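Please view the sequence and the structure first, and then read the points below.

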4 protein chains.
Amino acid sequence: MGRQRTKPAPTPPTTTRGRRTRDALILAGREVLEQQGWSGFSPEAVAQAAGVSYGTFYTYFESKDDLLHHVVRSVAGEMFASSLVPTDTVEDPYARIVESNRLYLRAWDQASKVLRLADQGGAADESLRKMVLEIREFYVSRAEKGLRRLQEEGLANPRLNPRLTALALGSMVEQVAHSRDSLDEPFDDEMVLDHLSRLWAAAIGLRGAPDEGWAGGRG
Amino acid sequence: MGRQRTKPAPTPPTTTRGRRTRDALILAGREVLEQQGWSGFSPEAVAQAAGVSYGTFYTYFESKDDLLHHVVRSVAGEMFASSLVPTDTVEDPYARIVESNRLYLRAWDQASKVLRLADQGGAADESLRKMVLEIREFYVSRAEKGLRRLQEEGLANPRLNPRLTALALGSMVEQVAHSRDSLDEPFDDEMVLDHLSRLWAAAIGLRGAPDEGWAGGRG
Amino acid sequence: MGRQRTKPAPTPPTTTRGRRTRDALILAGREVLEQQGWSGFSPEAVAQAAGVSYGTFYTYFESKDDLLHHVVRSVAGEMFASSLVPTDTVEDPYARIVESNRLYLRAWDQASKVLRLADQGGAADESLRKMVLEIREFYVSRAEKGLRRLQEEGLANPRLNPRLTALALGSMVEQVAHSRDSLDEPFDDEMVLDHLSRLWAAAIGLRGAPDEGWAGGRG
Amino acid sequence: MGRQRTKPAPTPPTTTRGRRTRDALILAGREVLEQQGWSGFSPEAVAQAAGVSYGTFYTYFESKDDLLHHVVRSVAGEMFASSLVPTDTVEDPYARIVESNRLYLRAWDQASKVLRLADQGGAADESLRKMVLEIREFYVSRAEKGLRRLQEEGLANPRLNPRLTALALGSMVEQVAHSRDSLDEPFDDEMVLDHLSRLWAAAIGLRGAPDEGWAGGRG
DNA sequence: GATGAATGAGGATTCATTCAT
DNA sequence: AATGAATGAATCCTCATTCAT
């Protein structure tokens with residue numbers, strides 16, 4: 001008797017004002033998450049940070065988790081967008097590594113807080129974890145392809161497993177990006193980028209890398 | 001003059017039975033944390049996992065946070081303990097890198113879940129974050145010293161900043177240890193250890209490393 | 001730097017409905033306290049007495065103690081308000097004593113339960129005790145001034161310390177007001193008021209008091 | 001089938017050691033109550049104050065309330081004991097008032113904290129309230145008898161209701177005894193006793209009282 | 001759409017009391 | 001008789017979500 005009353009899933013806003021409020025909430029959610037972590041991430045705090053009242057939150061989002069998804073998706077989207085910069089035009093392999101790392105470093109710098117949180121999941125949410133894995137996969141497989149090509153061209157150590165190597169070196173960049181702001185140490189951006197790139201190049205035995213045969217020739 | 005009604009911080013158990021219960025709670029806390037994350041980490045769940053009633057929880061710990069501290073401290077203690085294995089007896093530099101990585105990898109494998117959670121802090125607890133940083137620092141500075149010595153002996157690339165390099169390569173190992181179990185991929189332990197060590201050695205330009213002059217001589 | 005995660009002190013209600021609910025809770029708190037004492041004074045009981053759910057309690061009060069403060073403040077406010085009745089228009093000193101006592105008696109009658117409880121403090125709360133002391137002080141110092149004037153006019157025994165005397169006689173009235181309802185005895189209001197006033201007047205040796213030279217002459 | 005298992009009501013201790021422990025607990029209970037009020041009055045706190053372990057508490061007392069009864073009974077007993085000092089030997093009525101007040105004041109000084117607490121009852125315990133009333137009654141009826149005799153002898157105002165008057169003046173003394181230590185003011189014991197007695201005497205119109213016809217004769 | 005008051009299930013904590021040693 | 005660990009019902013409080021205006 002009577003229709004099953006499910007919660008009226010918030011519809012996308014139709015007015016400009018609605019869209020603006022919605023975007024403000026997503027942005028505020030991200031900020032709260034970055035600055036206060038899980039413990040501060042409440043609908044109330046987010047609404048307040050966005051400058052709207054508590055009730056408005058539920059005008060746009062089904063639940064707290066719903067907002068979280070939108071936040072993560074937004075961050076992920078940003079990462080993908082930033083990675084679309086074409087690096088293939090660069091000819092020099094080492095320069096390409098530097099550019100890749102620059103992008104990866106910058107992207108993780110922005111996103112690491114939110115993505116790490118998503119990785120461990122408030123409610124052990126599988127779909128969030130997946131999203132994070134997809135992002136990693138995107139970068140890792142790009143690095144893997146790059147390495148494989150270099151190996152084929154005889155410019156990199158062919159004895160390395162491209163997948164595992166890409167994973168390890170990507171891990172290096174990601175973790176440095178993340179832990180950098182926990183440090184007291186004053187490594188400036190360029191120095192970090194320079195070292196990561198040189199370590200990366202040397203690790204894969206890149207021909208023509210800056211540190212190749214660092215002592216001016218081998219024995 | 002206003003008397004301070006502080007909660008009487010639980011005293012350490014005096015009997016054997018007490019100590020056993022307490023230890024069981026810490027262990028159970030760790031297991032719950034590893035298996036269920038924040039969301040499952042409740043005094044009740046921990047007490048149940050330890051096979052005691054939840055009232056007993058408060059016989060030994062002031063609060064949920066108090067237990068968390070003890071869990072983290074215990075994990076940290078384990079990491080330090082495992083690192084005390086003397087590697088200095090090994091003569092060959094590359095073998096030493098392998099051994100170091102084996103230990104680090106194994107240690108993080110055990111501890112990474114708890115430590116990552118602590119890093120992001122349930123209650124944004126500063127002291128927990130510090131504990132995690134201390135652990136990292138311990139390993140990083142050990143790697144730093146090792147690298148510095150190799151540089152002095154002319155066995156590693158002297159143009160690398162030892163601190164930053166140690167940080168980056170340590171990050172690589174830590175992050176691989178952590179992300180390994182999120183992966184579908186079947187890289188076995190020895191293969192991972194082998195690659196990480198070779199990448200590490202190549203990255204610092206170690207003389208006599210397995211991949212040195214990987215193509216049997218440079219063009 | 002360690003961010004302080006303080007509970008967001010409930011904001012005063014902005015709407016009429018809110019204010020009504022809040023007031024109802026304070027009133028209910030007082031009733032519960034009067035009728036059931038400490039042991040019945042729970043957020044749940046108060047909310048129920050106010051006809052709202054217990055969650056609502058925390059919309060307006062930080063804690064049980066917070067409500068207690070508001071209740072006491074409200075009672076205290078009432079006492080002060082009731083004391084603002086001008087008695088200075090009355091010319092006859094004895095009539096003035098009677099009026100003062102009538103007010104004091106009535107005020108304590110209303111308030112004594114709550115104030116006694118506050119005096120002994122659920123949480124040994126210093127600020128509550130202070131509030132009670134302030135109320136006493138208000139009445140005592142008023143009586144003190146009255147007595148001093150009578151002494152100056154030669155209408156009261158000048159050998160009495162005005163402060164100590166006011167304290168003692170005020171104590172008499174307060175304690176009678178309080179203990180009256182513990183008694184089985186059927187002293188009606190007017191009789192009590194009459195006796196207290198006559199005792200008071202006689203105690204300070206008021207000229208022209210009802211019982212002055214009670215036997216129609218000494219000697 | 002088997003006896004009804006009621007809790008084995010603690011038997012009075014048989015050994016000297018047992019009696020000593022028991023007494024220590026009652027004394028400790030009183031001290032805790034005086035110093036910390038209800039909120040601090042826990043079996044654990046009492047046991048600790050008595051220097052025994054928590055469990056021992058229940059060797060001697062059925063429950064927390066049981067101890068409370070014993071404490072109150074002990075305080076009451078002390079009050080009664082102190083009142084047994086014979087004052088009837090004193091001939092001068094005013095001197096007798098002074099002596100009575102001295103005893104009452106001293107007795108309440110000791111006992112007021114505990115008795116006030118008992119009066120309001122942790123668990124609204126009727127029997128405790130009764131005990132307090134009995135104590136008051138004891139003193140009040142004694143004062144009442146004294147007043148009645150004085151009235152019969154033509155030494156006090158016969159128009160006063162002896163019962164109500166005794167109640168009021170007893171209230172004065174009791175309340176002053178209680179509130180004295182809340183005060184900042186430095187009224188010394190003798191001064192307080194002196195004023196209370198003179199106010200009392202004047203209030204009942206005692207012939208031959210110190211302040212009778214304070215101005216050296218009436219109109 | 002927006003608001004903020006209201007809701008109550010769920011989680012943390014206390015503490016009087018019991019029990020095994 | 002003494003000890004102190006163990007128990008769990010009762011209590012305080014939180015916070016995601018709903019609702020009346």
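Helix α7 of chain C (residues 162–179) has 18 residues, and at 1.5 Å a residue it should span 26 Å; its end C-alpha atoms are 25 Å apart, which agrees. The expected span is 1.5 Å times one less than the number of residues. This is a predicted model, in which local features need pLDDT of at least 70 and side-chain atom pairs count only at pLDDT 80 or more, while totals for chains, interfaces and linings use all residues. Residues are numbered from 1 along each chain as its sequence is written, and chains are lettered from A and ligands numbered from 1 in the order in which they are written.

**Helices**
- Helices (H or I, at least four residues) are DSSP runs numbered from the N terminus, as are strands (E, at least two).
- α7(C) is mostly covered, with 16 of its 18 residues buried (20 or more other C-beta atoms, placed from the backbone, within 10 Å of a residue's own).

**Chains A and B**
- Chain A is superposed on chain B by a rotation of 179° with 0.0 Å of shift along its axis, at an RMSD of 0.2 Å.
- That is the relation of a two-fold axis; the superposition is by least squares on the C-alpha atoms of residues with pLDDT of at least 70 in both copies.
- In chain A, 39 residues are in contact with 39 residues of chain B (C-beta atoms, placed from the backbone, within 7 Å).
- On the side of chain A that touches chain B, α1, α5 (93–120), α7 (162–179) and α8 (189–203) each supply at least two residues.
- α7(A) gives the largest share of that side, 10 residues.
- The copies meet through the same surface, because 97% of the interface residues of chain A are also interface residues in chain B.

**DNA strands**
- Around DNA strand F there are 42 residues, the closest being Ser42(A), Ser63(A), Gly55(B), Ser42(C) and Gly55(D); a residue is near a strand if its C-beta atom, placed from the backbone, lies within 6 Å of it.
- The surface near DNA strand F has 12 nonpolar, 22 polar and 8 charged residues.
- Ala, Val, Leu, Ile, Met, Phe, Trp, Tyr, Cys and Pro count as nonpolar, Asp, Glu, Lys and Arg as charged, and the others, Gly among them, as polar.

**Database record**
- An unreviewed UniProt entry places the feature "DNA-binding region" at residues 42–61 of chain A.
- Over residues 42–61, chain A is 75% helix and 0% strand, with the end C-alpha atoms 13 Å apart.

Conventions. Buried ≥ 20, exposed ≤ 12 C-beta atoms within 10 Å, placed from the backbone. Contact = placed C-beta atoms within 7 Å. UniProt positions renumbered as here; feature names shortened; annotations may be inferred.
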